[in-house]
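Open the model in your viewer and keep the selection tool at hand.

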Amino acid sequence: MDCIFCKIRDKEIPSSLIHEDDLCIVFKDINPKARVHLLIVPKKHIPTIADIEDGDEKIIGHLIKTAKELGVSQKLSGYRLQFNVGKDGGQDVFHVHLHMMAN
């Protein structure tokens with residue numbers, strides 16, 4: 001598999017890791033669209049939201065909960081959360097990831 005996020009997960013490619021737990025990793029986007037632009041990425045390789053399977057709702061919910069906890073730890077007064085789904089939805093890397101952005 002030639003997935004950049006899997007390589008970051010496996011520490012084959014360096015990243016500015018912010019958080020890691022059993023289900024996800026969080027790192028800074030290399031092309032930020034806001035002052036704070038983090039990517040919250042499940043450790044399980046799921047190409048798009050359209051590909052989630054039964055049981056994956058725990059992972060997706062965990063990404064959102066992780067964003068909430070990062071909002072508190074990063075002392076953000078507000079932020080945006082965004083999933084891009086598929087090429088026509090603006091997805092560039094086909095491994096589910098949640099963008100967390102704040103100005």
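Start by selecting Ile59, Ile60, Leu63, Thr66, Ala67, Leu70 and Gly71, the buried residues of H2. Buried means under 20% relative accessible area, exposed over 50%, and partly exposed in between (1.4 Å probe, protein chains only). Helices are DSSP runs of H or I with at least four residues, strands are E runs of at least two, and both are numbered from the N terminus. The model is predicted: local features need pLDDT of at least 70, side-chain atom pairs count only at pLDDT 80 or more, and totals for chains, interfaces and linings use all residues. Residues are numbered from 1 along each chain as its sequence is written, and side-chain values use heavy atoms, without hydrogens or water.

Now show the strands. The buried residues of H2 pack against E1 (17-20), E2 (24-28), E3 (36-42), E4 (80-82) and E5 (98-102).

Turn to the face of H2 that points away from its buried side. Exposed Glu57, Lys58 and Val72 sit there.

Stay on H2 and select lysine 65 and glutamate 69. They lie four residues apart, about one turn of the helix. Their side chains form a salt bridge at 2.5 Å, N to O (a side-chain nitrogen of Lys or Arg within 4 Å of a carboxyl oxygen of Asp or Glu). Lysine 65 is partly exposed at 48%.

Next, select lysine 44. Its side chain meets that of aspartate 56 in a salt bridge of 2.7 Å, N to O. Both residues lie in the loop between E3 and H2, so the pair ties together parts twelve residues apart in sequence. Aspartate 56 is buried, at 3% relative accessible area.

Definitions and conventions:
Contact = heavy atoms within 4.5 Å.
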